[in-house]
Amino acid sequence: MHKIEIENLTKYFGDKLVLDNIDLKVREHEVVCLIGASGSGKSTLLRCVNDLVPFDSGIVKINGLSIHSPEFPVRDLYKRVGIVFQAYNLFPTMTVLDNITLAPRKVHQIKKEESEAYAYELLALFGLECFANSYPEQLSGGQQQRVAIIRAMATRPEILLLDEVTAALDPELIGDVLSVIKSLKKQGMTMLIVTHEMGFARDVADRICFLDGGRILEEAPPAKLLSEPENPRTRQFLQRIIEAGRL
Amino acid sequence: MIFKGTRSRKRTGRTLRMRDRVLPHLISTATVLGAVLIFRALILRAEQWPRIKAQFFNLDVIIEVFPKVLHGFGINMSVWGIALVVIAVWALVLAILRSLTGPWFAPLKVFSIVYIDLLRGLPSLLLVLLFGFGMPALQIPGLPKSSLFWGAIAMISSYSAYAAEVYRSGMDSVHDGQRAAAKALGLNQGQTLRYAILPQAIRNVFPSLLNLAVALQKDVALLSVLGIRDAVREAQIYTARTFNYSTLIAAAALFLAATIPLARLTDYVTKKDRERRLQRTT
Ligand SMILES: Nc1ncnc2c1ncn2[C@@H]1O[C@H](COP(=O)(O)OP(=O)(O)OP(=O)(O)O)[C@@H](O)[C@H]1O
Ligand SMILES: [Mg+2]
């Protein structure tokens, strides 16, 4: 069964074509990584999936139902699909615990005790329980990013969208965040991940999509796409990554 | 000689010589003190000084009228305190209305824009005269007729327009990512404001709001043009009768006693705020 189906998705920013007729399907429990040069439209594609930016034509379906169909309850979308941003975007005036329980309590009307119990459970899982009452600024970047992932999981989503979640982190902090994502994969979470970490993509992805100029130029399992890419542009892109020492 | 204070070393990262540490202070203090003394000597020696002293710094006069001026100052400060609370709330409402998006809220948004443009563009004095004399003269049944009430309304209206713009700049300064995060969590427009935008916006502009509070603290004296017996008016009444200006000096001292501590508090809060921002970026 397909969790996410993106069909003929086209998106302009003004006159600029940013996503050009994208087709992409993600099955349940599948992890798909999006790679591509800066400005190729990866973040925009991710944001279209949970309706953060409007698109011009095409359909995005979650569990087989278009997110814009009247039968799709708006709240359900945000409950089923969690997103984590590169810049964490935690709310700085709230404690870690309040950040995590905000959506369950205020949007999904879950009782305080219940949402806090689940928050503590997740914090403990990621080794962060002692920070429940700290403010985000008091945490390291890696800790903040893990809290952001927990926040996205607090509504028990079926799908996680991750947008370059390690790009703002120091190298020694990246590992913690990546291992969290790997453990989510083991639990069967369906994920669409934008990343520049090719090694991580190779480990975690079932499929990798290479985006260029708003189009998916190549789509293959990591072993194939990273070792013997067919498209010359993919080859060029990977070549540059290798030169930068990131593969 | 090497100075071995740990504090100075911690602050500067190197050991300062005693001379380097103390000399600048000594020289500047001596300069200021010298200037003051010379100025004082010049004033005291001037032949007009006795007259100036009697006119402006007559202690007997000050003591005689002080209770009245102080009572008037009480009015100033009560108006200030009440206005402060009302402005803080009303300006926030205006800023929120202005930030709303969507066709349903368009009229409210336009109202807020027009309000702010009008009231920020008019001199406070003009508004005080217009409201303070105009509204009671209308004799509208059911509305208060006190010029103090309407004068205060004028001050509140005018300052709210400024404070609303301060709030708005605070809301604009909140990073777009915060809105995206709020939306992705499913928060609606109101919840996004309440939980994500406003707490940060208010924290960011708190020093600027305090600055406005200092400005308002002295501007409440404008109400004296309505004949309200505030500190300035009381002082003026005496001055008009006796041509002695000492009471105005007394009123001035009272205003300074109130505004200077608040200004220092503002400085302190601003400094703390800047430290917090620096910490966040490093
Ligand atoms: N809000 C916006 N307004 C106008 N243009 C935008 C906006 N957001 C993105 N773009 C443009 O859309 C294109 C794709 O942007 P996007 O952020 O999706 O790229 P990306 O692949 O995520 O790049 P990066 O790796 O740098 O994050 C870029 O050319 C960008 O300039
Ligand atoms: Mg991006």
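**View 1. A salt bridge links B:Arg203 and A:Glu137.** In this predicted model, their closest N and O atoms are 3.4 Å apart. A salt bridge here is a side-chain nitrogen of Lys or Arg within 4 Å of a carboxyl oxygen of Asp or Glu. Side chains of opposite charge can pair when their charged atoms come close. Across the interface of chain B and chain A, the rule finds 1 salt bridge, while the count over all chains comes to 21.

A word on the numbering and the model: residues are numbered from 1 along each chain as its sequence is written, with chains lettered from A and ligands numbered from 1 in the order in which they are written. Since we're looking at a prediction, local features need pLDDT of at least 70 and side-chain atom pairs count only at pLDDT 80 or more, while totals for chains, interfaces and linings use all residues, and side-chain values use heavy atoms, with hydrogens and water left out.

**View 2. Here is where chain B meets chain A.** On the chain B side, 18 residues are in contact with 20 residues of chain A (contact means heavy atoms within 4.5 Å). The two chains bury about 1,700 Å² between them, and carbon and sulfur atoms give 64% of it. Buried area is the accessible area (1.4 Å probe) that two parts lose on being put together, summed over both. In chain B, the residues that lose the most area to chain A are B:Ala184, B:Leu185 and B:Tyr195, together 35% of what that side buries.

**View 3. Ligand 1 sits among 13 residues.** Coming nearest are A:Lys16, A:Ser38, A:Gly39, A:Ser43 and A:Thr44; a residue is near if one of its heavy atoms lies within 4 Å of the molecule. Sorted by class, the shell has 3 nonpolar, 7 polar and 3 charged residues. Ala, Val, Leu, Ile, Met, Phe, Trp, Tyr, Cys and Pro count as nonpolar, Asp, Glu, Lys and Arg as charged, and the others, Gly among them, as polar. Strand E2 (16-27) and helix H1 (42-49) of chain A each supply at least two shell residues, and H1(A) gives the largest share, 3 residues. Helices (H or I, at least four residues) and strands (E, at least two) are DSSP runs, numbered from the N terminus.

**View 4. Zoom in on the oxygen atoms of ligand 1 and the side chains of A:Lys16 and A:Ser38.** An N or O atom in the A:Lys16 side chain is 2.5 Å from a ligand 1 oxygen. For A:Ser38, a polar side-chain atom also lies 2.5 Å from an oxygen atom of ligand 1. With A:Lys42, the distance from a side-chain N or O atom to a ligand 1 oxygen is 2.8 Å.

**View 5. A:Arg80 and A:Asp76 form a salt bridge.** Their closest N and O atoms are 2.8 Å apart. Both belong to helix H2 (residues 74-80) of chain A, and because they are 4 residues apart there, about one helical turn separates them.

**View 6. A:Leu173 lies in helix H6 (residues 171-186) of chain A.** Leaving out residues up to four places away in sequence, A:Leu173 touches A:Ser140, A:Gly141 and A:Gly142. A:Gln145 is 28 residues from A:Leu173 along the chain, and their C-alpha atoms are separated by 9.8 Å.

Terms used:
A polar contact is a pair of N or O atoms within 3.5 Å; within protein, one must be able to donate a hydrogen and the other to accept it, and residues adjacent in sequence count only if both atoms are side-chain atoms.
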